[in-house]
Amino acid sequence: MLDPITMKLQVDPLIESALREDITSEDVSTNCVMPYRKTGRVDLIAKEDGIICGLPVFERVFTILDPETKVTFFAKDGDEVENGEKIACIEGDIRVLLSGERTALNYLQRMSGIATYTHQAAALLEGTDIWLLDTRKTTPNNRIFEKYAVRIGNGHNHRYNLSDGVLLKDNHIGAAGGVKQAVEMARAYAPFVRKIEIEVENLDQVREAVDAGADIIMLDNMSHDMMAEAMKIIDKRAEVEVSGNVTCEKIASLTDLGVNYISSGALTHSAPILDISMKHLHAI
């Protein structure tokens, strides 16, 4: 999914920026113990069970530092890995292996953590037609990595950024003067190919959104009973998304509503990392 063009244009500059953040002038610790080039090998080891994600990014950290670095993978993105499993072997200049280690692991641990949490959440929706969606609640400058990880974990991406779709939230409604006005203004401005989604917080807004012809209605932070009543009002006249403090613990309780989508900011902002280490570095 991270094709060569995306890697070159979107991913490489972000990795380079992360490396510059970690090495402002030199890697003093590495240069102390390894002043000259020497070839070495190190293993990439999972330290807990989960879904691995970000292996192309992990590799790219090292090949940006030195194109001659060789990485042999024993797994691919989306695979389940177990505690103690060897995921890859990295061979190259020991200085590169040491200097790139933390940046490479930061990406891999974070992306694997998101993929693992998303996989757990998506499993709760098996047997339904409900799509599990992420949000824009991502780490600044890491959205491309985090949304990719959601897909690897069997989730789906909501809009990528503000240019990607129309989603009218509470402050947009306030700026427009009401639900009806916001939908009408969006319909007049947005290209006809774009669906119009609007966030609602009570049943009166649900009725307004339906009457205004919104394509997707997001039920935000409503009680289960209120959402059930909202579904009756909408009566299949719009697609329905549920959002608001959705975690793995809450997802199962939403499957009986008949909604189309469940979105969860927790997929990206609350997923713990997956513990992964580089071990057994030695010269060859």
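I take a salt bridge to be a side-chain nitrogen of Lys or Arg within 4 Å of a carboxyl oxygen of Asp or Glu. With that rule in hand, I looked up a network of salt bridges and found that Arg-37, Asp-66, Glu-68, Asp-93 and Arg-95 are linked in one.

**Ground rules**

I am reading a predicted model, in which local features need pLDDT of at least 70 and side-chain atom pairs count only at pLDDT 80 or more, while totals for chains, interfaces and linings use all residues. Residues are numbered from 1 along each chain as its sequence is written, and side-chain values use heavy atoms, with hydrogens and water left out.

**Entry 1: the sheet**

I noted helices (H or I, at least four residues) and strands (E, at least two) as DSSP runs numbered from the N terminus, and I took two strands as paired if DSSP finds at least two bridges between them. In which order do the strands of the open sheet of 4 strands stand? I read the order as β3-β5-β1-β12, with antiparallel pairing. β3 (70–73) and β12 (276–283) are at the edges with a single partner strand each, so one side of each has no neighbour in the sheet. From one strand to the next, the twist averages 20 degrees; for such angles, axes are lines fitted to C-alpha atoms, for helices over the stretch in contact, and the values run from 0 to 180 degrees between N-to-C directions.

I then followed the pairings of β5. Strand β1 (residues 39–46) pairs with strand β5 (residues 86–93) in the antiparallel sense over 7 bridges. Within this pairing, Asp-43 has Cys-89 of β5 as its bridge partner, and Leu-44 has Ala-88 of β5. β3 also pairs with β5 in the antiparallel sense, over 4 bridges, and there I found Lys-70 opposite Glu-91 in β5.

**Entry 2: what covers the sheet**

I counted a contact where heavy atoms lie within 4.5 Å. Helix α4 (residues 94–123) lies across β1, β5 and β12, and runs at about 165 degrees to β12. For burial I used relative accessible area, calling a residue buried under 20%, exposed over 50% and partly exposed in between (1.4 Å probe, protein chains only). How many of the 8 residues of β5 are buried? I found 6 of them buried, which leaves β5 mostly covered.

**Entry 3: charged pairs**

In general, side chains of opposite charge can pair when their charged atoms come close. By the rule I began with, the count comes to 15 salt bridges, and I looked at some pairs one by one.

Arg-37 and Asp-66 meet through their side chains at 3.2 Å, N to O. This pair links distant parts of the chain, 29 residues apart, with Arg-37 in the loop between α2 (28–33) and β1 and Asp-66 in the loop between α3 and β3. Arg-37 is partly exposed at 45% relative accessible area, whereas Asp-66 is buried at 9%.

Lys-86 forms a salt bridge with Asp-43, with the closest N and O atoms 3.8 Å apart. Because Lys-86 lies in strand β5 and Asp-43 in strand β1, this pair ties together parts that are 43 residues apart in sequence. Lys-86 is partly exposed at 38%, and Asp-43 is buried at 14%.

Glu-199 forms a salt bridge with Lys-169, and the closest N and O atoms are 2.8 Å apart. I placed Glu-199 in strand β8 (residues 196–200) and Lys-169 in the loop between β7 (166–168) and α6 (170–176), 30 residues apart. Is Glu-199 buried or exposed? I found Glu-199 buried, with a relative accessible area of 5%, while Lys-169 is partly exposed at 29%.

**Entry 4: Gln-109**

I found Gln-109 in helix α4, where this residue counts as buried at 8% relative accessibility. Leaving aside residues up to four places away in sequence, I listed its contacts as Arg-102, Ile-273, Leu-274, Asp-275 and Ile-276. A polar atom of the Gln-109 side chain lies 3.0 Å from the backbone oxygen of Ile-276.

**Entry 5: cysteines**

I searched the whole structure for disulfides, meaning pairs of cysteine sulfur atoms within 2.5 Å, and the search finds 0. For Cys-53, the closest cysteine sulfur is in Cys-248, 16 Å away and therefore too far for a bond. Cys-53 is buried at 0%, whereas Cys-32 counts as exposed at 60%.

Note on methods:
A polar contact is a pair of N or O atoms within 3.5 Å; within protein, one must be able to donate a hydrogen and the other to accept it, and residues adjacent in sequence count only if both atoms are side-chain atoms.
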